[in-house]
Amino acid sequence: MTDSSIPDMMAEARRGQWTDQQLAAKAVELAESILKQSNAGMRGKEKRQAQQMERMMNDPAGKAFTLALADRVFRPSSPARGAELFRYLLDGYGVPRYLSAADRFAMKMGGRFSAQFPGVVMPMITSQLRKESSNVILPAEDGKLRPHLRRRRKGGIRMNINQLGEAILGESEAHHRLQQVVDRLTDKDCDYISVKISAIFSQIHLVAFEETVKLIQERLRILYRAAITNAVTLPDGSRKPKFVNLDMEEYRDLHMTAEAFKRTLMEDEFMQLEAGIVLQAYLPDSWEEQMKLCAWAKERVEQGGARIKIRLVKGANLAMEKVEASMHGWAQAPYGTKAQVDANYKRMLHYGCMPDNARYVQFGVASHNLFDLCYAMLLREREGVRDQVEFEMLEGMANHQARVIRQAADGLLLYAPVVLKEDFHSAIAYLVRRLDENTSEENFLHDLFGMTPGSRSWEVQKKRFLKACQEKDEVKYGPNRTQNRAADPIQPSHYRDAFANERDTDWSLRQNAEWINGLIAAEKEKSGEEIPLVIDGEEITTNLWGVGRDPSRHNEVSYKFAYADFDQVEHALVTADRVRSSWASKSIGERAEILHRAAQELSRIRGEAIAAMVRDAGKAPTEADVEVSEAIDFCRYYAEGLDRDGMNDGVEMSPLGTICVMSPWNFPFAIPTGGVAAALMAGNAVVFKPSELAVYTAWQIVQAFWRAGVPKNVLQFVPMPRNEISRKFLMDPRLNGVIMTGSYRTGKMLRELRPDLHVLAETSGKDAMIITATADPDQAVKDLVKSAFGHSGQKCSAASVAIVEASVYDNPAFLRQLKDAAASLKVGGSWEVNSVVTPLIREPEGNLLRALTQLEPGEEWLLKPEPSEDNPCLWSPGIRLGVKPGSWFHQTECFGPVLGIIRAENLEEAIDIQNDSEFGLTGGLQSLDEREIA
């Protein structure tokens, strides 16, 4: 096929009655012609780049080195540390074979001299990386970007600008990025921008769907107004607003982005504005979302509004989606195979090119797959929607093909990420992801470099293309993630079933957010319950002088509960002593089945349990949800605990007798459930003595166990006051063991009170997270803030101290990000479901009050904590700088929303500081260097 025959084929497509199968065959012919023309028109620099990329595809070690170089070497702010890591990677992978001889020599010399002159060599390597990547990530400086945009426009190519920058962890950076995008819209050389909602709003909260959408809309209005205000003047003198396209990345953002997009564009101010949104074909949800958007767009146009645009991409966030799904036990959101993605892409192409849809929705076909591009070109001609479908490619990727596509399609839009020099380090994540995606074996770009018609790579890609065309109407559609807490049946488990972790609630699914919001609203209306003692199967409501308070409504009494007196404690002990042998006589299988039924009961009341913790412990719904999952896991895990391989190999086991489970208030559901389940499974009678600060939650637990078949005289519910009554109970020789989670002081007291008592205790912690120079600073800040301030830091596993390597500590950008991320967290009552930092269980006093209000010598506030005017239990996050090793804050468990930062010269010193503590419960390490992790 000649250059002149391409228009002939387009005309034939318009005139002909091609079937879909014929269309696919013609697309192969057209792709062959375009590939030949592209290769013939390849310029010298493009040939050298293509040859190098082709060599990389056949150099696995070289590719791995390149990915590691981009992902790891440029993280450290210290040139010496980066140079050491550079040499380590060179030693491990070797100099990439795909490089030219000159570049290989330069890299060897760089490795050799980086030890003596890291301050010279590493900036040169960074500069070279930016230079090498400048064709795919454009310099954002006006002096460089504007001339490039003008050259592209002169060549008949439009540009879609995506402003990259620092990771959006807090609202200060989100506003900064928003302003950068607005500034782009005011630039006369830019008329089209793309932006993700997560780039302009940092506090996306899936449970608070409605609240979050409204806040996103506020940001979208700013962008849309800028697009209208800075309209482009057309040759005929009319003015056309600039174009704002909403990008998509994470699955969680799909429906929220679409909802904010639709709601904002339906406002009178924006009814005449054309704007766009991206859909990812690798999500099986996307076709249904496309249909919804098309139906809505039709309604909008019929009401006098403008068209919208849908930009179709295949998706480039698969690795992250896989990780998230595996962590929570969810189905993977994207399709499982590339073949399914390709088939769905064809299906969505067809839907977008239907005349009834194209009338209301302009369609952007984004791809570098020549077969797909040619297929779409012929499809739009066949359907008569040429003017409603445009084509998009990535800037700097296969420019020789982009030129031919532009001519064949009569226009082209290039997607161009741009970044300022000072923010280049922040573009590394994009660069790594793009490099990894484009060089994966099934990707068309993997085979493109060196591809010729008839070559093996051509035939492989052609076969995949034709297979996708055949399967486009059969491939599965609809979400892989379908969890519906309100409707899904509870899945039972049984004795000797293989253990599997309980799935957490998938808050990205709107029905689950609606489910929990309804239950929380119902719980909020409750009050005044009277919770009894349950001893020997009898409910006892005397001594109702225990008071439960709602931390979010500090002055209100939420419920009352009964405290046991001396006689009732005696009754409980006598009962336990009487019934324990009958319970112990049950077989392992019988007890295991009861625990499995308990797991089923806990699953059934998941929503009510979450709402109870919101009310009783001031927990955020997301924090409470994972507690319920853990509680269910405990029941199933312990149910199988006595029957694992080797458990009965020459060992004789017998129950201790009567066990007291003393539960904490900070994990009021999971931890006591685990204690109760373990004690019961071992054949013991249990006296459950819950924390007086979370009796309401404990009441939900025991009822579930009773419904599962645990006799009420085997599991007794006995809240006790913290006085001589509890002391006498614990000293009684009929009590054979205690399972407790609480303070070190309480555990020590138990040992001193009764040295013969079996005490299984988890006590206190001063969790320290080490952040080394080789860490991903964005991820480190994200993890540190989540650990330190989740549940207001009321966890022994909360990161109370960060031990930060000197080069990171001394970097103002790290401290700025940390402060911004913490300061942006929503502080509020747990009834406000978008609150992240929720109330303390009680008004701070003692060590916590000191930590929140007083600095030690040499310390300063990076972020000063502030109390709420309305609730003395509610405090904003605090971050202390300059905390000294061995100081009061370093050595003291404070249990609240305050984080201390300690500077360490190196990892060795950081480990010494971390170990210099009487608390040994948990610790963390942030590093990308496997030598530090090993």
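Select D536, which sits in the loop between strand 13 (533–535) and strand 14 (538–540). Helices (H or I, at least four residues) and strands (E, at least two) are DSSP runs, numbered from the N terminus. This is a predicted model, in which local features need pLDDT of at least 70 and side-chain atom pairs count only at pLDDT 80 or more, while totals for chains, interfaces and linings use all residues. Residues are numbered from 1 along each chain as its sequence is written, and side-chain values use heavy atoms, with hydrogens and water left out.

The phi of D536 is near 55 degrees, positive in a residue other than glycine. Most residues other than glycine have a negative phi. D536 is partly exposed, with a relative accessible area of 28%; buried means under 20% relative accessible area, exposed over 50%, and partly exposed in between (1.4 Å probe, protein chains only).

S792 is not a glycine, but has a positive phi of about 55 degrees. Is S792 buried or exposed? S792 counts as buried because its relative accessibility is 1%.

## Loop residues and their contacts

Select D550, in the loop between strand 15 (546–549) and strand 16 (557–561). With 2% relative accessibility, D550 counts as buried. Contact means heavy atoms within 4.5 Å. Apart from neighbours within four places in sequence, D550 is in contact with E556, S558, R615 and W831.

D565 comes in the loop between strand 16 and helix 23 (566–584). Its relative accessibility is 26%, so D565 counts as partly exposed. Which residues does D565 contact, leaving aside its neighbours within four places in sequence? They are N543 and I725.

Now pick N736, in the loop between helix 29 (724–731) and strand 20 (737–742). N736 is buried, with a relative accessible area of 19%. P655 is 81 residues from N736 along the chain, and their C-alpha atoms are separated by 9.5 Å. Leaving aside neighbours within four places in sequence, the contacts of N736 are R580, L656, G657, T658, L757 and H758.

## A helix residue

Select R184 in helix 9 (residues 171–186). R184 counts as buried, at 10% relative accessibility. Not counting residues up to four places away in sequence, R184 touches several residues, among them A140, D142, Q163, K242 and V418. V404 lies 220 residues from R184 along the chain, with 29 Å between the C-alpha atoms.

## The whole chain

Zoom out. The chain has 37 helices and 27 strands. Its radius of gyration is 32 Å, close to the 30 Å that the globule rule gives for 934 residues, so the chain is as compact as a globular protein of that length. The radius is taken over C-alpha atoms, and the globule rule is 2.2 Å times the number of residues to the power 0.38. The C-alpha trace spans about 100 × 65 × 60 Å along its principal axes.

Of the 934 residues, 58% count as buried. Among contacts between residues at least 6 apart in sequence, 75% join residues at least 24 apart.

## Enclosed spaces

How many cavities of 30 Å³ or more does the model have? The count is five. On a 1 Å grid over the protein atoms alone, a cavity is a set of points where a 1.4 Å probe fits but cannot get out; lining residues have an atom within 4 Å of a point. Grid points are joined across faces, edges and corners, and a volume is the space filled by probe spheres set on the points.

Show G793, K795, A798, S800 and F895, which lie nearest the centre of the largest cavity, among its 13 lining residues. The volume of the largest cavity is about 70 Å³.

For the second largest cavity, select L206, F209, R252, H255, M256, W507, S508, R510 and A513, which line it. Its volume is about 50 Å³. Helix 12 (254–265) and helix 22 (510–524) each supply at least two residues of this lining.

Conventions:
1 Å grid on protein atoms, 1.4 Å probe; cavity = no way out; pocket = protein on both sides within 12 Å on 5 of 7 lines; lining within 4 Å.
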